[in-house]
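Good morning, and thank you for coming.

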Amino acid sequence: MASKSKTNCYLLKKQPYSETSVLMQVFSDTHGQISILAKGLRKGKEHRDYLLNVLNEYEFVVTSPSPSGIHTLSEMTLIDEYPTDLPLENWFAAQAGAEILTKLILPDDEVPLFYKAMKQYLNYQKSVTYNPVAIFWRYLLHLNKLLGIPVDLENCSCCHSKMERPAGYTTDCGLLVCHKCLAELPVANSLETEASVVIKLLPVIGNYLNDLVITPETAKQVNSFFLHYLSLQFHRKVTLNSLQFFEPK
Ligand SMILES: [Zn+2]
């Protein structure tokens, strides 16, 4: 017989599954990313799928997965609602935070750390009025650390000298380099001043949010740096659709 278990989850994605059911992709604090089928939510007058909003946190009681790996929802309680009246840039930055979790393959014992990181990120990010995307990058920096692939912002990856700010990053490893090394490398990606300032400031970016002007071009450069780095680390191309909102149209 199928057993029931309780789990806290962020709803990452939902789609209609049949006339009456909704299929959800969630990030659970115990299993990481799983699929949950909510049966009967869209039935008749009792149209209750509006209760399920992406980026909300829920406590779900689910039955163990079917052979296809899908859990079934039996009870739900809303824990925390992500506001629906925030500016679009907050929404897309929050979405990017959820999207990156769908790209990770995590052992069960590491899942709670990432769940906590997501919770802290969303809580802080929803109160930010300027440059929420910068808070997303800081969160990404934190995830890299949790994944054991920290980004060194202090020292040049080639000559190991302290960098005032990075001038660019290597194509083959995605690591940051100083001005001198960038000029000597046969192939590398250079960063414009604005993008390199943002990257350098990321650990303390919360103090500079109101002073920074992040243009779409700057956002594109910072996004490209991180996605290039993650793609090399994961040995597959990593893209985040939500980040396109911040880039030149
Ligand atoms: Zn160097």
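A crossing of two helices is called right-handed if the near helix is turned clockwise from the far one by less than a right angle, and left-handed if anticlockwise. The model is predicted, with pLDDT of at least 70 needed for local features and 80 or more for side-chain atom pairs, while totals for chains, interfaces and linings use all residues. Residues are numbered from 1 along each chain as its sequence is written, and side-chain values use heavy atoms, leaving out hydrogens and water.

Helices here are DSSP runs of H or I, at least four residues, numbered from the N terminus. Axes are lines fitted to C-alpha atoms over the stretch in contact, with angles from 0 to 180 degrees between N-to-C directions.

Helix α1 (residues 88-101) and helix α3 (residues 132-146) have axes that come within 8 Å and cross at roughly 15 degrees. α1 is therefore roughly parallel to α3, a term for angles under 35 degrees, whereas angles over 145 count as roughly antiparallel. The crossing of α1 and α3 is right-handed. Their contact (heavy atoms within 4.5 Å) includes Ala-93 and Ile-100 of α1 and Phe-136 and Leu-140 of α3.

What is the angle at which the axes of α1 and helix α2 (residues 111-125) cross? The value is roughly 175 degrees, and these axes come within 10 Å. α1 is therefore roughly antiparallel to α2. Among the residues making this contact are Ala-94 and Ala-98 of α1 and Met-118 and Tyr-121 of α2.

Key
Helix = DSSP H or I, 4+ residues; strand = E, 2+ residues; numbered from the N terminus. Parallel < 35°, antiparallel > 145°, perpendicular 65-115°, else oblique.
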